[in-house]
Amino acid sequence: MSQDPVVEGAFEEADTHLHKDIGLFGLIALAVSVQVGSAWLLATLAAVSIAGPASILTWVLGAVFFGIIGVSWMELGAMLPRSGAGVRYPQLTHGAFLSWFNGWGYLIATLTLPVIEVQAVLTYLGGNWPGLGFLEEREGATVLSWPRGILVGFVLLFVFFVLNSFGAKLLSESNKYVTIWKLVVPVTTALLMFTAFNSANFTIGGGFAPLGGGTILGALAGGGIVFAYAGLRQILDFGGEVVNPQRNIPIAIVVGGIIIPLVIYILLQISFIGAVDWADAGVAPGNWAGLLESGWSSSPLLNAVVAAGFTWFSVVLLSDAALSPAATGWVFLGIGTRTVFGMSVNGELPKVFQRINRFGTPIVALAACTAVGLLFFFPAPSWYLFVGMVSIALTLSYVMGGPVLAVLRRTAPDFPRPVRIRAAFFWALAGYVASLLLIYFAGWVPLINLFTLVFFALPLYGGYTSVLRGWSRPVPSWLLCAAFTVAWVVTAAGGGWLFRIDQQQAPGGWAFPAYFTAIVLIVAVFIAVLYAVSTEVGRRQIRGGTWLVATILVMLFIAYLGQFGPLDNPVLDNPVDLIVMLVVGAASFFWSVRAGGPTEELREILEAEEEYGRRRSRAEVTGR
């Protein structure tokens with residue numbers, strides 16, 4: 001592999017102020033750490049409550065999906081290692097409109113992930129020691145209590161802020177040792193549960209897949225599997241701080257992003273299913289869905305280990321229940337910080353977010369992520385309610401790998417690629433469709449909750465970035481954005497689906513035809529009017545990203561009518577909905593590739609590469 005220095009253009013100058021402190025082992029540890037967090041403590045029960053024993057297949061399927069998705073990101077990560085890479089690559093191929101839309105969705109994920117990890121810590125501790133008062137019952141669900149549980153969550157998030165402020169080196173080095181602990185404890189837990197293994201549990205209640213074959217797919221997002229594998233691409237966001245990124249990033253993606261988590265989660269899922277003690281859980285044998293509302297739901301592995309006779313191990317498990325999610329939350333707050341940093345480099349957020357402290361941390365971005373993260377404790381104060389939405393928010397950023405790879409193969413064919421995958425177009429298409437399917441599997445409720453937030457990227461782009469760059473007239477843009485915001489809030493409230501703890505539509509909510517028609521009209525009118533008041537450059541930005549907006553709207557429509565939607569008798573049942581999604585995904589991919597092209601930021605990088613090539617040639621001639 002090539003070991004040439006990373007080329008820097010004007011668009012990339014911000015990275016030169018970052019410290020390259022993360023080596024291969026540290027990078028693998030970061031990948032493992034963001035995946036072996038709260039998911040190993042709670043996803044085993046979440047997955048089995050949806051799919052029964054067939055949840056084992058869901059873990060394998062999840063690894064296959066993310067393996068396909070990861071191929072594109074391996075080439076991109078080695079080709080252009082940049083901090084905040086996930087939100088910076090689309091700017092190079094499709095322009096600012098798509099970059100902002102994609103970045104906003106990913107920012108939601110990175111801001112909420114530290115919160116969901118804190119929820120996991122307090123859920124495990126509060127479930128074991130009810131006297132702490134961290135949890136309460138609300139509408140049939142166990143959630144963080146107010147004020148005690150949520151205020152303690154605030155304190156933990158502030159601790160993550162302090163630790164991140166000391167830079168990537170502290171994060172990477174300390175995380176190495178934490179990761180070793182995070183590997184030893186889950187494996188030991190699985191081995192202890194195997195001592196109480198009951199093979200009858202794998203067929204009790206209606207066979208290996210008692211809740212239906214479709215639940216194997218549904219458990220991908222709702223069961224926390226997508227969430228568990230979420231670190232596959234996130235290590236790219238530290239790209240500007242990695243030593244020898246051309247070699248280390250691809251290795252870390254494969255080893256830390258897929259292989260190690262797959263082995264751990266398969267062991268845990270098999271051993272947990274075999275160790276379920278129905279009497280201790282207070283659930284009728286074979287009632288897998290009932291486990292989610294049982295006494296085991298707040299600390300499933302702890303209960304399984306204690307029921308197996310290893311009460312002494314509860315101290316170790318509880319300590320890890322605090323350490324593992326906390327370490328993951330710490331890392332993800334750092335990822336969110338690099339995301340804000342990257343969006344600032346893109347010109348989508350003010351330059352103040354690029355301010356670096358003496359430890360090499362974008363400190364203003366870190367403070368902003370911490371402050372905004374506090375707000376996410378309120379809409380869905382429960383790990384089980386939050387995990388589906390956060391999973392698809394993460395996966396939405398994975399969607400961009402395929403289109404970016406395909407467009408860069410056309411617009412920058414000669415740019416050095418330390419990792420150059422064969423059949424790039426096939427893998428780009430396959431990764432794109434796989435990402436869309438993972439999002440679709442989450443179902444209607446998580447999708448409409450997430451995309452209600454994601455569509456707020458539109459007025460933020462129109463009122464800030466477009467006006468700041470001189471791409472649209474200020475007064476019409478601001479009036480348009482204000483009107484969109486009001487209309488969107490009215491529609492979201494009228495639909496009655498937003499942030500419902502019981503995951504059901506509120507009484508009196510709008511009928512789907514009226515609700516969805518309103519969504520489409522509001523979005524379409526906004527884009528059409530902004531396009532009309534924009535310059536030709538601004539219109540080119542909008543054309544570069546309209547395909548993703550259209551794809552999301554079509555996916556929402558299919559999600560409501562499909563097998564994972566709220567209808568008792570789906571209009572698009574299995575496998576019709578999956579076939580429709582495959583067709584939509586392929587059509588959307590070809591549109592995305594056609595919409596991309598050379599951008600000003602890409603030209604800067606290509607010019608910098610040409611200049612570097614000329615300097616290298618002169619040095620070879622002169623012998624210097």
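The face of helix α22 that is turned away from its buried side carries Pro513 and Leu521, which are exposed (over 50% relative accessible area, where buried means under 20%, with a 1.4 Å probe and protein chains only). This is a predicted model, in which local features need pLDDT of at least 70 and side-chain atom pairs count only at pLDDT 80 or more, while totals for chains, interfaces and linings use all residues. Residues are numbered from 1 along each chain as its sequence is written, and side-chain values use heavy atoms, with hydrogens and water left out.

Helix α22 runs over residues 512-532, a helix being a DSSP run (H or I) of at least four residues, numbered from the N terminus. Among its buried residues are Phe512, Phe516, Ile519, Val523 and Phe526. What covers them includes α19 (444-454), α21 (474-495) and α24 (546-561), where contact means heavy atoms within 4.5 Å.

One of these buried residues, Val523, is touched by Phe455, which also touches Phe101, Phe484 and Trp488, among others, not counting residues up to four places away in sequence. Phe455 is one of the residues that touch the most other members of the largest nonpolar core, which has 194 residues; such a core is a set of buried Ala, Val, Leu, Ile, Met, Phe, Trp, Tyr and Cys residues joined through side-chain atoms within 4.5 Å. The largest share of this core, 19 residues, comes from helix α5 (residues 96-128).

Notes: Helix = DSSP H or I, 4+ residues; strand = E, 2+ residues; numbered from the N terminus. Expected span 1.5 Å × (residues − 1).
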